[in-house]
Amino acid sequence: TMALDYHTFERCFLQCTFMATLGVLISVIFMAACAYYILPFQWPFSFCMVFGSILSATDTVAVITLLKDIGASKLLSMKVAGEAILNDGTAIIVFNLFWALYLSNKDNQMSITNELQNNEKIEPYGDTKRNVSTLFHIIVDCFRVGIGGPLIGIIVGIVAYYWMALATRRHSRDDVTIQLSITLCTAYISYFIGDHIFNVSGVLCTCSSALVLSKYVWPLLSSKVTHENVWKTIDNIGNTVLFFLAGVLTQRAHSDPVCGQNNNVDVINPCLNFQTNHLLLLVLFFMLSSFIRMVVMISMYPILQIVGPSFRLKDCVFIGWSGLRGA
């Protein structure tokens, strides 16, 4: 995020915001409906929304690298990158909202079962009132998470900026190391402060602090090349570890003999056994997610034309196809 051209991002901000909020929400609803009616696991709709939120985020790292290599338009690259940055926050908020709602409903069902077993009287509308109260608190909490994260990130970014301004000797190796260390600390500390101390969105907190640095800090850097190379290396290592772990978990799920004896699907403690029909469902949902993404982008095309700089239909189709699913 720190490497973004802030002024280009500012021009595309409304377009990126619409794609990352309204677009993601519509995609989540359609993906949840598909999961509810197609998958054989009999998930409740609240958990299908959790599933949809996972599949509706995008990861455009490879696409952005390709666009840079071929010298594509900065505006197009920024629309792709900006949406990917912002929609992570939307997906996480939706995930937390419906995951908490699912757990709340599950707790309510367990309490009703206990009351029936103990022959206790059940109030006719008690569960509805409890659900409404829980849903209200969850929605309020999501607004707190979505707004508090960026605010805390901005504060962390400002602190980091003034800290880096104290180490601006252009030919000092020590200052290069200090500035690089501050950017590393800002990335991880902003997430930790947001997620673990204030219980807000750590992703939005980190992105907001990085945007502050992107706007103000580049003229202060003693060595821009060093920062770019180090962060590219960190990015490469992080992606390598991520996909390695994904491969390990996939192999584990495919070959676990214990899961093979259990046909029940528990969404809290899932059995990760892959069967042939599961692989077919993966292919089906990849196609569905791509189709839904394209439909959502084309349906939002008139709005995206109004709220920002030039947005052609072919740009809309390209952005719809460019996002890897389930980031």
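Colleague: What volume does the second largest pocket have?
Modeller: The second largest pocket has a volume of about 760 Å³, counted as the space filled by probe spheres on grid points joined across faces, edges and corners. A pocket is an open set of points on a 1 Å grid over the protein atoms alone, where a 1.4 Å probe fits, with protein on both sides within 12 Å along at least five of seven lines; a cavity is a set from which the probe cannot get out. The model is predicted, so local features need pLDDT of at least 70 and side-chain atom pairs pLDDT 80 or more, while totals for chains, interfaces and linings use all residues. Numbering runs from 1 along each chain as its sequence is written, and side-chain values use heavy atoms, without hydrogens or water.

Colleague: Which residues lie nearest the centre of that pocket?
Modeller: T21, T90, I93, G146 and L204 do, out of a lining of 29 residues, where lining means having an atom within 4 Å of a point.

Colleague: And which helix gives the most to the lining of the second largest pocket?
Modeller: Helix α1 does, with eight residues. At least two residues each come from α1, α4, α5 (126-164) and α7 (202-216). Helices here are DSSP runs of H or I, at least four residues, numbered from the N terminus.

Colleague: How many cavities of 30 Å³ or more are there in the whole structure?
Modeller: The search finds one. The largest cavity has a volume of about 60 Å³. Its lining comprises 12 residues, and G23, V24, S27, E83 and R293 are those nearest the centre.

Colleague: Which helices supply at least two residues of the lining there?
Modeller: For the largest cavity, these are α1, α4 (74-117) and α10 (276-299). Helix α1 again gives the most, here with four residues.

Colleague: Turning to M31: where does it lie, and is it buried or exposed?
Modeller: M31 belongs to α1, which covers residues 6-38. Its relative accessibility is 1%, so M31 counts as buried; the cut-off for buried is under 20% relative accessible area with a 1.4 Å probe, protein chains only.

Colleague: What is M31 in contact with beyond its neighbours in sequence?
Modeller: Setting aside residues within four places, M31 is in contact (heavy atoms within 4.5 Å) with G52, L55, S56, F285, L288, S289 and I292. F285 is 254 residues away in sequence, yet the two C-alpha atoms are 8.5 Å apart. Within α10, F285, L288, S289 and I292 are among the buried residues, as is R293.

Colleague: How covered is α7, then?
Modeller: Helix α7 is mostly covered, with 11 of its 15 residues buried. The buried residues include L204, C205, A210 and L213.

Colleague: Which residues have the most contacts inside the largest nonpolar core?
Modeller: They are L4, F98, F285, M297, F311 and I319, in a core of 52 residues. Such a core joins buried Ala, Val, Leu, Ile, Met, Phe, Trp, Tyr and Cys residues through side-chain atoms within 4.5 Å.

Colleague: What does F311 touch, outside four places in sequence?
Modeller: F311 touches Q15, M19, K79, M297, Y301, L304, Q305, C316 and I319.

Methods. Buried means under 20% relative accessible area, exposed over 50%, partly exposed in between (1.4 Å probe, protein chains only).
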